Amino acid sequence: MPTSAELDQIINRTGTASSKWDYEFTPEGVAQPRISGDDILAPDNQLQLWVADMDFRSPQAVIDALVARAQHGIFGYTMPPQSYYDAIMGWMQKRHNWTIKQEWILSSPGVKPSLSAILQAFTQPGDGVLIQTPIYHPFYDLIERNGRVIVHNPLIENADRYEIDWADFEQKVANPKTTMVMLCHPHNPVGRVWTHDELKRMGQLCAEHNAYFASDEIHADLTFPWSNLATIGVACEDTMHNNFVCTSPTKTFNLPGLKASNVIVSNPDLRAKVQNQFLKNNIRGVNLMGAVALEAAYAHGEAWLNDVMAYVEANYWFAKEYISEHLPQLNLYKPEASYLLWVDCRALGLEADDLHNVLCKKANVKLNNGAIFGSAGAGFMRINIGCPRPILVEALERMSRTLKEV
Ligand SMILES: Cc1ncc(COP(=O)(O)O)c(C=O)c1O
């Protein structure tokens with residue numbers, strides 16, 4: 001399993017067609033290649049702490065399984081074998097204390113395609129879909145491109161953590177035009193793990209008002225010792241007939257390029273409709289290598305995950321201390337899960353775009369501009385700390401030097 005010293009090692013990802021290291025994206029989402037030198041830490045190289053993937057190698061068991069499968073040399077059409085389903089059921093049981101049945105599992109190449117299909121199958125054009133903003137920006141895109149209407153349930157911003165505005169939630173979910181709640185659990189970017197009680201209450205309100213409840217749990221395995229995460233599969237057991245749980249090993253084991261995920265739907269009627277929409281969208285399971293990686297990761301990756309999360313936790317403590325000492329104007333929210341830090345930079349008094357430009361261009365550190373997650377994210381930055389510590393140290397030093405100058 002990776003030691004802290006091993007995780008400290010920088011692996012140069014440039015030249016691997018990495019979205020994070022080899023490309024930048026226009027505001028319209030068009031990828032453009034970027035050039036970088038070999039020495040990641042060289043001052044003229046921009047450090048990439050944005051897209052949500054980690055700069056660590058995946059578990060050795062995953063690499064071995066992929067190599068072994070690649071060596072067979074024939075990559076024809078495949079179906080997920082029994083061991084694939086066993087691995088998913090085993091993982092949900094041991095990591096989430098959730099007993100699921102094989103027939104509840106519908107595979108797809110990603111959480112976003114799944115959410116899109118769920119939206120198409122269970123809502124009508126013009127229907128309202130409630131989301132808790134600021135939120136992972138593709139949620140907006142997904143809802144709007146499908147001709148549905150975004151119903152904002154703005155999160156309440158407290159100094160130490162974000163909370164749900166219940167009065168607003170209740171009022172908006174009770175509107176018959178709101179036919180779905182799309183939850184991000186844990187929440188990207190604000191880092192909240194919704195509590196058992198919060199999940200249960202949301203699930204009950206959805207069921208009461210005939211709104212479907214779809215939970216994106218892609219970050220749910222990436223927990224810290226202080227987080228007590230329940231999947232809605234457990235917390236909303238009583239209202240599961242109404243729910244969809246989107247899971248994936250891709251954030252957990254750093255496999256997003258392999259495109260593998262699952263939707264878990266216990267209600268057979270809902271499941272049949274999701275399946276039908278998958279067929280309409282020509283979503284027919286996971287790709288061959290994605291399935292191989294998923295199975296190896298869930299079956300053999302837990303010790304790796306625990307080591308990586310201990311390292312990410314140490315990165316968080318380091319960043320927290322560094323920021324309070326050298327960047328006291330910034331307010332860092334304590335993440336309850338995942339490797340994405342949500343940082344309030346508004347005390348710097350810079351406009352959102354100016355702040356982003358100063359950090360990207362002057363400090364030469366690429367972070368996510370909080371404004372992309374919605375207007376309430378303006379003046380915030382999202383920092384990906386799923387990286388070797390020397391990269392994080394260099395990024396924070398660059399930010400500190402530059403922000404002192406401005
Ligand atoms: C909350 C959330 N959902 C979904 C995704 C992407 O899912 P997929 O690549 O499986 O479509 C991400 C990636 O950053 C994410 O943060």
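1. Pro134 sits in the loop between strand S5 (128–131) and helix H6 (138–145). Helices (H or I, at least four residues) and strands (E, at least two) are DSSP runs, numbered from the N terminus. The peptide bond from Thr133 to Pro134 is cis, with omega near 0°.

2. A word on the source. This is a predicted model, in which local features need pLDDT of at least 70 and side-chain atom pairs count only at pLDDT 80 or more, while totals for chains, interfaces and linings use all residues. Residues are numbered from 1 along each chain as its sequence is written, and side-chain values use heavy atoms, with hydrogens and water left out.

3. Look next at Pro189. Its place is in the loop between strand S9 (178–184) and helix H8 (196–208). The peptide bond from Asn188 to Pro189 is cis, with omega near 15°.

4. Asn188 also belongs to the ligand's surroundings, along with Ala52, Gly110, Val111, Lys112, Pro113, Tyr136, Cys184, Asp216, Ile218, His219 and Lys251. By class, the shell has six nonpolar, three polar and three charged residues. Here Ala, Val, Leu, Ile, Met, Phe, Trp, Tyr, Cys and Pro count as nonpolar, Asp, Glu, Lys and Arg as charged, and the others, Gly among them, as polar.

5. Which side chains have polar atoms at listed distances from the ligand? For Asp216, a polar side-chain atom lies 2.5 Å from a ligand nitrogen atom. For Asn188, the distance from a polar side-chain atom to a ligand oxygen atom is 2.9 Å. For Lys251, an N or O atom of the side chain is 2.8 Å from an oxygen atom of the ligand. Taken alone, the ligand exposes 400 Å², and the protein buries 92% of that. These areas come from the Shrake-Rupley method with a 1.4 Å probe.

6. The protein chain is divided into domain 1 (4–59 + 302–405) and domain 2 (77–300). The bounds come from an automatic or database domain assignment. Their centres, taken over C-alpha atoms, are 26 Å apart. In domain 1, 35 residues are in contact (heavy atoms within 4.5 Å) with 37 residues of domain 2.

7. How much area do domain 1 and domain 2 bury between them? About 3,000 Å², with 56% of it on carbon and sulfur atoms. Glu302, Glu336 and Phe373 supply 25% of the area that domain 1 buries against domain 2, more than any other three residues. Buried area is the accessible area (1.4 Å probe) that two parts lose on being put together, summed over both.

Conventions
Near = heavy atom within 4 Å. Polar contact = N/O pair within 3.5 Å; in protein donor to acceptor, adjacent residues only side chain to side chain.
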